[in-house]
Each structure stands twice: as structure tokens, then as C-alpha cells.
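Trainee: I'd like to learn how to read a structure like this one. Could you walk me through it, feature by feature?

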Amino acid sequence: MPPANPQPDPESFLPLTPAMFHVLLALADAEHHGYAIMQAVLESTDGRVSMGPGTLYGTIKRLLEANLIEESDSRPDPQLDDERRRYYRLTAFGHRVAAAEAQRHATLVRVARAKGLLAPQPSTP
Amino acid sequence: MPAHQPPSTPPALLLRAFRFALRAFPPVHRRRFATEMEQVFRAQWTYARRQSGTSAALFTLRTAIDLLSSASREHFDSLRTLMNPRKPIPPMPRFVCSLGTAVLITALGAMIALGIALAIPKAYLGECRILLRNTEVPPPSAAAIIATTGVDPFRMQTELEILGSMELARRVADDLKQGPHSHLLPPGTTPEQTAALAADLQRRTSFRQYRNTPVVAIRVQDPSPVLASAIANSLAEQYLALQTERLHATPASRPAILSTAQPFHRPVSPNLPLLVAVGLLAGTVLGLIAMVAVWLHLSRRTP
């Protein structure tokens, strides 16, 4: 009997939009609420990518629908936090999709290096 | 004295505007994310305000653009993901959405044209008609034309030049300054101011000769319908007076006023129907392009 609702191939989601990938990267190592995701994106891009609330929650909605992220029930510190805030985290499938997208970028970077568009990677001792 | 502290939350009016803008999103999206979006907006605005007032203003502008673009995208996406996010929406809803976009853009084009039409200052037309008479002996070369049409073209040309002359415009300016509509004219009675008024009257006046007749229409455009007709009537009267003085014309050979100008309260400029028609046409063309674009966008399979 075939498994019910089989998970799609992560590759079928690629390429992700930049906004989606940024949000997945922000959630790759921690759970965050919306504003913290924005801050994480700002920090990781040295302030070059600033998402407005409309773009952020549109992206979150699409990621939730695609089962790449999910809401988290846990609160880092319920005393200090606004209880109306929702926290998000990567699903296992989201993790696979993010990894596949990162791999796709890594391949592109390798090609760019080979073509002399990027400086060669410093060799590790 | 404590140093001035920037506000820790956005002004109430701005928050109200933000909440109002959230209504542009589909209800499902709004119910699910409106509270969070507002929280994020509050936090971001407060952060930007701490930087400077300009940062907060720029952030507000960016947010407005972001809300507008993301709301339209959510509408498209909610339509596409009605049943299944992996499937393109069926042709009929796709067509309805594409057609709706075309209609919306067409209406937008008409509205923009209407806005432009309302922004352009209105000008009203004053028109009166005068009958010119042949009071001088025509040159032999005009004999054939006069025999055919009954009108001396050389004489007509001369009269039209007199009608458009600065001398006549000055007389009209003087006449208007002393008349009941002087309050509608620019103030000042110095020769320079009168000359400026005369030049302005000259610029706004045109003449049209009815084909093969000695009848000429004097047309004046002015922001006031009353003044437009007053100028046209004054021009006709001053022309009659000038010609009577100049030619010592007998009553039978004097030019005559056939009809006086009456205030006409429908503006001749802007041409509202024309502008709206152009807006509709441009909107239709853009709407059709957008219709194709929306159709293609909704047909796309995206996660």
C-alpha cells in the first residue's frame, strides 16, 4: 500500500525566492518570531536586505503552506515575551529544502570561482 | 531639563492608517497575520524613529509600498491556492481574475484622466458674430471672386487684421476697465498694466470667418464665463465704433452685430469627454497587456 500524502522532492521547490531562502536561513539554527526573523535577515546581509511586514508575512504564509516551517509552542522566556507573538521553526522537510537550496548556491559559487568571477577559496591548513 | 526622547510607539494616526492598509489583504491572511504584522511594524518603526525622523518617514514610505505590492500578490496567491497550491487555478477563475485586472486598469486610466481634467483650470468661451460689409471699392483682381461668392477676400483679410490688432485690444481693455465687469480683471490702470491686459486679451481671442460669407465669429476664452462673453461683446462694439470713425460709414454700410455673446456655463477646456476617452483607451491597452500578464502569472506552477 503506498504511503499516504508522500512528501514531495525538495528539489521541486527550487529555486526558492530570495525572501524564502532568507527566512529559512534565519530559522536554520533557532526559533524566531517575525521581528527576530527580520533582524536576523538584516544582520546576515549587513543591512542590505530589509523586509517589510507585508513581504515577511507573505513569505511566512507560503512557507507554512508548503510545510517548510511550522509554528512553535515553546517560548524562550514567557515572562519577558509578548504572549501574542508566534514563534516559527524549520520543519525537517524545510531543513532539507534549505539545504538543497544552499547546495544549489554552493554549486553556483563553485562555477563562479572556476570562471574567475570570484576569488579562489583560501586553502585550509 | 530632560533631553527630548523619540516616541516609543508609532503615532495613533499612523497605526490607524496601518490597520486600514491591512484591509487590502485577503481576509484569511488578515485574520492569521494582522496582529503579528502590526507588532512587527511597531517594533520596526520605533527602531527607525530612534535613528532619526527621516529614517522613520522613509520606513513608513517603504512599508506603504511593501503593503501595496504584497497585498496584491496575496490576492493572486489566494486565488491560486484555493484548492491546491501545487495546481494552477482552473481556466474560468483565471479568466475572471485576468479580466477583472483589465477592467480595473481601464477604470484606473479613466480615473486618472478625470483627475487630470479636474486639475486643469477651466476656460469658458464667449462668442459673438458680426457682419462685415464692403465699404471700399474692391481691387479689380477680386472682381471674379466677388462675382462668385459675393465676398471680397482682400477686404475680409483687412478686417480680420483690424479685429486682431493691438489698437482694438487696447480699446477693449479700456472699455472693460470702465465697465461692470472690471472687478474680474487684473487690478491696475497704468498704461503698462492696460497694455499687458490688451496683450492678454489678444492672446485669448480668435476669429473665424464663415466660409464665403462676410460673417465673422469672435471667440474669447476666459476662466470666467461672464468675462469671456463681456470681452467678446466689447470687442465687437469697439470694432464697430472704430470702423465707423475710420470710414465715416453710413448706417447702411456699417458692420453689424448679428448675435451677442451670452455666458455659456459649460467649459470648452478641458475637454472632459475627450480626456476620459483617451484615458479609457490607454487604460484598455494597458489593461489588455496586464490581462495577459496576470493570466500567465496565474498559470505558473510555483510552490
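Trainee: Let's start with B:Glu36 and B:Arg32: in which element do they lie, and how many residues apart are they?

Mentor: Helices (H or I, at least four residues) and strands (E, at least two) are DSSP runs, numbered from the N terminus. Here both B:Glu36 and B:Arg32 sit in helix 2 of chain B, four residues apart, about one turn of the helix. Keep in mind that this is a predicted model, where local features need pLDDT of at least 70, side-chain atom pairs count only at pLDDT 80 or more, and totals for chains, interfaces and linings use all residues. Residues are numbered from 1 along each chain as its sequence is written, chains are lettered from A and ligands numbered from 1 in the order in which they are written, and side-chain values use heavy atoms, with hydrogens and water left out.

Trainee: Okay, and how do the side chains of B:Glu36 and B:Arg32 meet?

Mentor: The general idea is that side chains of opposite charge can pair when their charged atoms come close. We call it a salt bridge when a side-chain nitrogen of Lys or Arg is within 4 Å of a carboxyl oxygen of Asp or Glu. B:Glu36 and B:Arg32 form one, at 3.2 Å, N to O.

Trainee: Are those two buried or exposed?

Mentor: Look at relative accessible area: under 20% is buried, over 50% is exposed, and in between is partly exposed (1.4 Å probe, protein chains only). B:Glu36 is buried at 1%, while B:Arg32 is partly exposed at 23%.

Trainee: How many salt bridges does the structure hold?

Mentor: Over all chains, there are 18. Another one pairs A:Glu101 with A:Arg104, at 2.9 Å, N to O. These two are three residues apart in helix 4 (residues 92-114) of chain A, so about one helical turn separates them. A:Glu101 is buried, at 1% relative accessibility, and A:Arg104 is partly exposed, at 29%.

Trainee: What about B:Arg204 and B:Asp200?

Mentor: Their side chains meet in a salt bridge too, at 2.7 Å, N to O. B:Arg204 is buried at 17%, and B:Asp200 is partly exposed at 22%. Salt bridges can also share partners: that is how A:Lys61, A:Arg62, A:Glu65 and B:Glu74 are joined into one network.

Trainee: One last thing: which elements does chain A have, and in what order do they run?

Mentor: Chain A has four helices and three strands. Read from the N terminus, they go α-β-α-α-β-β-α.
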